[in-house]
Amino acid sequence: MFSFLSKDQKTGEVAERQLDETNIPAHVAIIMDGNGRWAQQRHLPRIAGHKQGMNTVKTVATAASHLGIKVLTLYAFSTENWKRPSAEVNYLMKLPVDFFGTFVPDLVKNNIRVKVMGYTADLPAATQKAVRDAIAATKDCTGMVLNFALNYGGRAEIVTAVQRLAQQAQAGDLDPAEITEQRIGAELMTGDLGDLQDPDLLIRTSGEERLSNFMLWQVAYSEFVFMTQHWPDFDQTTLEQAIYAYQQRHRRFGGLKNE
């Protein structure tokens, strides 16, 4: 059993909780929100929050691997984030270079494989190279998949998949009647994850309660846990608290289940 201390949000009481090792979510997705607000609360520039957030990724990825999570998907940069001030965007584009430049040896040591989904061809050359190098360096790892959503948008992903299927149908290689949920899922950017492509648990930090165009198809039956902590304050204990909340749910996938 994994044990951790949990503080009740209403009473303030601290109690020891235990995770059920047989019910660890196989795929956890996280919307890493609140870097900027974390920095502003400390009268620091927003980029300071992003830098601390990068360190949090290292902590949480290692913890998730040790807990037995098979896929950890992190929303790192959306297709809408280009609208932010250019100085902030430029800094965000450097983060993967810094992250992979320092953390790849630890990823290999922990048997973690890097995957990236998103429109990476639109990223700066140095960012693209950092991504390619990290994927190549960890390709033989057989443990947890650390999946970064980088220049990713859920609606764009679905549009791209539908266009690809339409092209196949137009070429006569696909009967429209053969377009099923499974066929669409296979065309999405998570298609190569097979049975693990849909998150069991979606976590969003910083108190916001919306999807922000993240994995719109894949989270159809995910359990959502919204946490008040800003992403830089997220750690192993916070992750365990989210998983504990997940384990209290009864997943029915639209059907009925005897409880």
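A nonpolar core is a set of buried Ala, Val, Leu, Ile, Met, Phe, Trp, Tyr and Cys residues joined through side-chain atoms within 4.5 Å, where buried means under 20% relative accessible area with a 1.4 Å probe, protein chains only. The model is predicted, so local features need pLDDT of at least 70 and side-chain atom pairs count only at pLDDT 80 or more, while totals for chains, interfaces and linings use all residues. Residues are numbered from 1 along each chain as its sequence is written, and side-chain values use heavy atoms, with hydrogens and water left out.

The largest nonpolar core holds 47 residues, of which Ile30, Leu72, Phe100, Leu146, Phe148, Ile203 and Leu239 touch the most other members. Helix α3 (residues 86-109) supplies the largest share of this core, 10 residues; helices here are DSSP runs of H or I with at least four residues, and strands are runs of E with at least two, numbered from the N terminus. Leaving out residues up to four places away in sequence, Phe100 touches Val114, Ala130, Val131, Ala134 and Phe148, contact being heavy atoms within 4.5 Å. A second, separate core has 11 residues, among them Ile31, Met117, Phe214 and Val219.

Helix α2 (residues 46-67) contains Thr56. This Thr56 counts as buried because its relative accessibility is 3%. Beyond its neighbours within four places in sequence, Thr56 is in contact with Trp231, Pro232 and Phe234. Just after α2, Gly68 adopts a positive phi of about 95°.

Across the protein chain there are seven helices and eight strands. Buried residues make up 46% of its 259 residues.

Terms used
Buried < 20%, exposed > 50% of the residue type's maximum accessible area, 1.4 Å probe, protein only.
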